[in-house]
Amino acid sequence: MARFVNIVTNFSTGELDPLLRSRVDQEFYNNALAKATNVLIQPQGGLRRRPGTKHILELPNSSTPSAANGVRLVSFQFSVTDSYMLCFTHLRMYVIKNGAVITNINGSGNNYLTTTITSDMVDDMCWTQSADTLIVVHPDLQPLRITRTSDSAWTAATITFDSIPKYAFELDSHIHVGSKLSVSAVSGNVELTATNTHNTSGTAQAGSANTITLKSASSATDDIYVGMFIEITSGAGVGQTRLCEDYNGTTKVLEVHPAWTTAPNNTSQYDITSFKAAAVNQYINAQPQGRARIVEVLSDTKVRAVTEYPFFSTSDIDPGKWEVEHGYEDVWSSAKGWPRTVTFHEGRLYFGGSKSRPSTIWGSKIGLFFEFVPTESLDDDAVEATLDTNDLNVITDLISSRDFQVFTTGGEFYVPQSGTDPITPLTFTFKNVSRNGIKPGTRVQSVESGSVYIQRQGKSLNEFVFTDTQATYVTQRISLLAGHLLKNPQRIALRKASNTEEADLLLMTNTTDGSIAAFSMMRSQQITSPSEFTTDGEFIDVGVDVNTIYAVTKRTFNGTARYFVEMFGFEYFTDCAFVGGAASTATSLPHIGKALNVITDGVPQSNETVSGGGSVTFDRASTTAYEVGLPITVYVKTMPVEIKLQTGSRLGFKKRIVEINAVVNNTQHMLINNNPVPFRSFDNPLLDEAEPVFTGIKRVNGVLGYSREQSIEVSQSLPLSMTLLGLDYRVAVHQGT
């Protein structure tokens, strides 16, 4: 058997999909891992033990407020020094700052703020922030404004809009046959006056669901009141205003649209005029040309309007040559549904999608965030557009990035902008880039190169990026080499790199097994290095407060499912950790019946099982600090060794790894192929002190056994630091053919 030396210089490919096992011809194979569990791949190519988690807050786990019914983490950054992680459960919002729960919110004695967000809404809620205000939307929720005054002073109130966009869900129009229409100008802001009107009022003779019988002295001319407005001024049905749709001069029966909410009768008094307040935001169309939107009712006969298509002239328009186009109503309401998505972009507040208009986007006026009805069609006016393609495009997220980006269940879109030109009502058009679609409930994340999102079926992680060569956006799958780590992902968060030892870290919680797919990314260098986080329980949600990662976990202790908010940190070596100072015991622990790692003054002690009363006793009391928590399983396995010789591949040959040299940095403990690697010298009499930190090369000899699938396994059995930079090994294998 000849012996060959091989080296794995880095692990930048991360964990490789098993479907790529035979791709020994590709360069990525040499830097890949078969398993990378509870480690992070560094941008330089090494890997280190993932951070542990510290217990922050236990959430309700019974009745309606239970986190089992829904929970969502939302980051909120008020200033450079004040940032928060908000945790939403049923009708509650918890506030966490610097790893501590804010108590006594608004002097209530509670550690949460009461909201109108139910557990059914948290999965599909969307949000955006401006200064001290967080805007939260959901199709079944009138948009909510959450405002911070201080750490413990927060308010939540529904948004009152200055104006809401209109849409004709039941479009109808009626020609005026009884009046002329005078026009003050052919275009722009105009005044329209109905002349020779047949305004009338009186007491009805009778009424039904959609009719009213006028007084007997009413006009005998058929359709004379069609297109005019009728208001019930007193009696049955008082306060209702409807459009006159048909009139029979013989019977005096007037049909209205829409139907009455409360039918009138012979006690109802009415008033019929050319215009009522209900005419606002309806349209007047004229022949041979002219279209204007009514913006203000000046009197029963006169309105102010904005032309959308100029009138032919200022001459009076004869009866029968103009009509009122009606049916326009608020596009957002409890009946029609509320916006699904929200973002700020270039001075406008944008809403995307609703139950009744799932593919439409609305933008406010510049600087007037709650004013959505256009008035003069100027560049700073409100904007609106609908994504009409052959697919159903339910808008699920809006992103303010290099351009205004829209992600739907049917594809990805953006607003083309020339240079620094802003969006205007005339340029608010969308270009479709791809038809991948995004998974509802997941938020798009902005990285250095573009935007990343989870594909609609949850099978891949895609990147939406602008290319200068094509002068447009393209999409590409960046999880191609590790698609197996995406197991029905539901939540996604991005921690941006804060130093050279880190890459951007994209975290996705998987509902299939409760793991986290962790992608270390440096897209400028085309680096995407996936690994997997597991824990004793399930990761339910994940969020990032500036550079601090929080997670919601579900853990079962003593047969009871319990939910926690936990904070990741490299200073912790266990999960759901409780820490303290000088002590001989730890109490009030939730981990009933679990064997916990115990670390006192930096030295791991024997594992201790939590008693029914929630306490453990240490083998040795701590003098400065202790940590107790759930063990973290760290496991790394290289791809099967492949030696390329002139005589061909050794893929099917039996091999034996004879010697392994591990290049480590700031490492205290490690097992290689289940063989302990020594890090402590026994000539040091202070064996009860913390394990020394080692940087350099550690050698392991005597690795036994031949097999065709020779791999190197690296693991840990103690909660200590570990950073592995590379592996050099010698392989014995038959050299001939």
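Buried means under 20% relative accessible area, exposed over 50%, partly exposed in between (1.4 Å probe, protein chains only). The model is predicted: local features need pLDDT of at least 70, side-chain atom pairs pLDDT 80 or more, while totals for chains, interfaces and linings use all residues. Residues are numbered from 1 along each chain as its sequence is written, and side-chain values use heavy atoms, without hydrogens and water.

Q: Why is the pair of tyrosine 414 and tyrosine 473 called tilted?
A: A search of the whole structure finds 31 aromatic pairs. Tyrosine 414 and tyrosine 473 have ring centres 4.7 Å apart and planes at 55°. Rings of Phe, Tyr and Trp (its six-membered ring) pair with centres within 6.5 Å; under 30 degrees is stacked, over 60 edge-to-face, and the rest tilted, so this pair is tilted.

Q: What makes this pair a tie between separate parts of the sequence?
A: Tyrosine 414 lies in strand S36 (residues 412–414) and tyrosine 473 in strand S41 (residues 472–477), so the pair ties together parts 59 residues apart in sequence. Strands are DSSP runs of E, at least two residues, numbered from the N terminus.

Q: How do you know whether tyrosine 414 and tyrosine 473 are buried or exposed?
A: Tyrosine 414 has a relative accessible area of 5% and tyrosine 473 one of 4%, so both count as buried.

Q: What makes phenylalanine 533 and phenylalanine 568 a tilted pair?
A: Their centres are 6.2 Å apart, with 40° between the planes. Phenylalanine 533 is in strand S45 (residues 527–533) and phenylalanine 568 in strand S48 (residues 560–569), 35 residues apart.

Q: Why is phenylalanine 568 called buried?
A: Its relative accessibility is 7%, so phenylalanine 568 counts as buried.

Notes
Helix = DSSP H or I, 4+ residues; strand = E, 2+ residues; numbered from the N terminus.
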